[in-house]
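Subject: Structure handover

Hello,

Here is the structure I promised to pass on. Please open it alongside this note.

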Amino acid sequence: LHWSHELEQLTPVLRMSMQINVVKFLFLDNFISLIREDMKRKFHYIRATVTMLDQLSKQLKLAQEQQQAIVLVRALATEGSTYRKIGARMLIDEQGQQFYLISGGCLETHLGNHAMQVIQQGQPKLIEYDFGDPDPPAWLLGVGCRGRIKLLLEKLCLENNYGSLAYYIKAKQATSPSWLITDLATGQSQLSKHAPETNNNDVT
């Protein structure tokens with residue numbers, strides 16, 4: 001009887017201990033799941049970045065060997081839901097062939113037309129797309145994203161040493177951080193070890 005009485009006293013304690021252990025297990029399981037998802041996202045981001053850099057490097061080398069002009073399309077700013085984010089890049093060559101994407105395919109034809117103008121005129125061009133426009137042009141109807149994206153189109157050629165793309169690849173391959181600074185009026189770019197000390201909207 002004495003043993004039975006002690007067991008009855010211990011039962012609530014054991015039950016509470018088991019409940020605490022279950023809570024700990026669930027918390028640990030959720031924590032591990034969050035870590036796993038975070039690592040998966042980082043892995044996909046790194047793989048996508050490496051793939052993009054390899055593609056850009058390959059096309060840059062080909063353009064340099066053939067001494068052909070190419071247009072670099074660069075995402076300068078995004079807001080809301082967009083297919084790609086700040087820093088995304090794509091290339092368009094003189095024949096209109098495109099490498100990599102800025103959107104899911106909804107902007108590329110339009111960008112191809114602008115790229116030909118940039119190649120002919122030689123001046124950089126800023127374009128902003130608002131996918132949330134309640135009265136969009138016909139070619140933007142049906143676009144899945146509803147955000148905004150600001151793009152810079154630059155002509156890269158032998159005369160400017162393939163500008164910001166060559167600097168971008170060089171910076172990515174370096175071990176120390178650096179800033180890629182582009183004058184939006186002229187398209188001239190440079191690498192700097194320091195952040196640009198300017199509020200000029202013509203420099204990014």
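Below is what I found, starting with how to read it.

This is a predicted model: local features need pLDDT of at least 70, side-chain atom pairs count only at pLDDT 80 or more, and totals for chains, interfaces and linings use all residues. Residues are numbered from 1 along each chain as its sequence is written, and side-chain values use heavy atoms, leaving out hydrogens and water.

Start with helix H2, residues 108-121. Helices are DSSP runs of H or I, at least four residues, and strands are runs of E, at least two, numbered from the N terminus. H2 has 14 residues and reaches 20 Å from first C-alpha to last. That is close to the 20 Å expected at 1.5 Å a residue (1.5 Å times one less than the number of residues). Its buried residues include Leu111, Ala115 and Val118 (buried: under 20% relative accessible area, 1.4 Å probe, protein chains only). The buried residues of H2 pack against strands E1, E2, E3, E4 and E5. Just after H2, glycine 122 takes a positive phi of about 80°.

Last, serine 192 sits in strand E7. Serine 192 counts as buried because its relative accessibility is 18%.

Best wishes

How values were computed: Buried < 20%, exposed > 50% of the residue type's maximum accessible area, 1.4 Å probe, protein only. Contact = heavy atoms within 4.5 Å.
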